[in-house]
Every structure is written in structure tokens, then in C-alpha cells.
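Here are my notes on the model you sent. Please read them with the structure open.

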Amino acid sequence: MKTKQTTKSILLNVFLISLFLINILPILWMLSSAFKHPNELFTTEIRLIPHAPTLNNFVTVFKEYEISHWLINSVATTLGIAILQTVVAILAAYGLTYYKTKINEGLFYFFIITMVIPFQVTMIPNYILISRMKLINTWTGVIIPNIANASTFFFIRQHIRGIPKVFYEAASIEGANSLWTLRNVVLGICKGAISAMFILCIIDGWNMYFWPLLVMSKPETRTITVGLQEFLDHEAGNNWGPFMACATIATMPVIILYFFIQKNIIDAFITSGIKG
């Protein structure tokens, strides 16, 4: 029995290590390439540590491209999406949980059904609407179609449903209205889950590509994920060094953020699966 368990443990560890390497090697190669000279990028030798590390690729990115504007646009749209999406999800989840009506169940399933509707179905109507509102090449044009998200709503609702009814009853007996209950009871109990969901919204907003690509047509209005395409030129050749440097700048904030808060996110997802 012990031999079988040991074998399973070894196989599991080998699988997890292999999975880790498959995911981490592209990131390490990106970091390595960002510090390499152009002549070292195209050698047949595979080397993660550059022979002569250089910052020229990063200097080129900041001097020749609009990366400062891209970063500002990414930060603005990401925070706008994360804040509004979290607020809307909290209000919707609290409303469907606190107020008992005949249409609650129907509304809940309607929201959940929207999770399976692909982006390609809604992008043309959304683009026409944003265009008629004259919001092309604006932060608002990126933010508005993303302020409501069924996944965020479902995640927060699972936690709010787990709050015992006695808390609501106690607040009602004391004469508290629904807004006071939301602010002092619900947000206090679910602040860990809401914080984790807010961070996930930030990561999702930062990595968004296709919708900003449609809405932000001017180079100075692009987000950093869309700006990466400026380094790829099929006629003049791809500028791989600066491309990897820009990709590193775009990737590191999310990696660093997730590194510090990954435990909170995992804990929030575990508890959301056992409540309600």
C-alpha cells in the first residue's frame, strides 16, 4: 500500500513540476530576451541568461513608442472596469438576496445565461452603440460595456448567500434600512471575497485585448496590450527585442500583484464553493 502511495505521489509531483515548467519557461524566455542584444536573439544557442545584458530594448520602447500613454490608458480603463464591475455586482447580488420577490429566481438565471454568450455576438452591437455615443478612442468607451459581468455577480452572490439570516433580522429589529445593512453587515462580512474579486477584475481588465483594439484606433489612446502589435511588422520585420521589453513591462504588474494576493484569491474561491 505504501509503495502504491509513494508511486502516486512521485507521479503527481512529476506532473505538477512539468506543468510548472511549461507555464514558467515562456515567461523566463521573455524576460531573458528583453535584456539581450539583437545579435544574441537569433542565435541557435538556447540560453536564458544573456551573455551581455543590456537595457537598450527598454530605452527604445520609451523613446520611440507611446508606452507612457499606453500605461496611463491601461491603468485608467482597468481601474474603471474593476471598480464599476465590482460595485454593480455587489448591488445586484445584494438586491437579489435581500429582497425576496417572485422574479428573483428568473433574474438570477437570466444573468447566468449571459455567461455562455460569446463576446463575438455582442461586440458589433456594443461597437455601434459606443460609436453613436461618440465614445470611440475614449476610456469611457472601453469601460461602459464591461461594467456588468455575470461571473463577478455570481461569485459575490455566493458569499452574500452564505450570510446567516439572523444578521439581517437583527439589523431590521434595530431599525436599519437596506443601505445600512449592505454597508455595515454585508460588506463587513464579505470584504475578503469582494477584495479577491476586485483583484481578479483588475487582472482581467489589464489583460483585455480585443475590445480596446476595436475601440482605441489612435496610437496614443491604445492600452499596453494593444500597443504590443506595433512591434510586429510583416514587411520590415518584427522588432523582437523592444517587443519583449514591452511585453515584460505589460506582464510584470499582474505577476507581482498575483504573487502577493494569490492566497486570498484561492481562499475566496474555496469558500465560495461551499457557501449557499
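This is a predicted model: local features need pLDDT of at least 70, side-chain atom pairs count only at pLDDT 80 or more; totals for chains, interfaces and linings use all residues.

1. Start with α4 (residues 67-98) and α11 (residues 191-207). Their axes come within 8 Å and cross at roughly 140 degrees. Angles over 145 degrees would count as roughly antiparallel. The two helices are therefore oblique to each other. Their crossing is right-handed.

2. Next, the residues in that contact. α4 contributes Leu71, Ser74, Val75, Thr78, Ala82, Ile83, Gln85, Thr86 and Ile90. α11 contributes Ile194, Phe198, Cys201, Ile202, Gly205 and Trp206. By class, the contact of α4 with α11 holds 10 nonpolar and five polar residues, with no charged ones.

3. Now α5 (residues 104-113) and α8 (residues 150-161). Here the axes come within 8 Å and cross at roughly 135 degrees. That makes this pair oblique too. The crossing of α5 and α8 is left-handed.

4. Which residues make the contact between α5 and α8? From α5 they are Phe108, Phe111 and Ile112. From α8 they are Ala150, Phe153, Phe154 and Arg157. The contact of α5 with α8 divides into six nonpolar residues, no polar and one charged.

5. Last, Ala176. Ala176 sits in the loop between α9 (165-173) and α10 (178-189). Is Ala176 buried or exposed? Its relative accessible area is 19%, and buried means under 20%, so Ala176 is buried. Leaving out residues up to four places away in sequence, Ala176 touches Ala171 and Thr181. Trp139 is 37 residues from Ala176 along the chain, and their C-alpha atoms are separated by 38 Å.

Definitions and conventions
Residues are numbered from 1 along each chain as its sequence is written. Side-chain values use heavy atoms; hydrogens and water are left out. Axes are lines fitted to C-alpha atoms, for helices over the stretch in contact, and angles run from 0 to 180 degrees between N-to-C directions. Helices (H or I, at least four residues) and strands (E, at least two) are DSSP runs, numbered from the N terminus. Angles under 35 degrees count as roughly parallel, over 145 as roughly antiparallel, 65 to 115 as roughly perpendicular and the rest as oblique. A crossing is left-handed if the near helix is turned anticlockwise from the far one by less than a right angle, and right-handed if clockwise. Contact means heavy atoms within 4.5 Å. Ala, Val, Leu, Ile, Met, Phe, Trp, Tyr, Cys and Pro count as nonpolar, Asp, Glu, Lys and Arg as charged, and the others, Gly among them, as polar. Buried means under 20% relative accessible area, exposed over 50%, partly exposed in between (1.4 Å probe, protein chains only).
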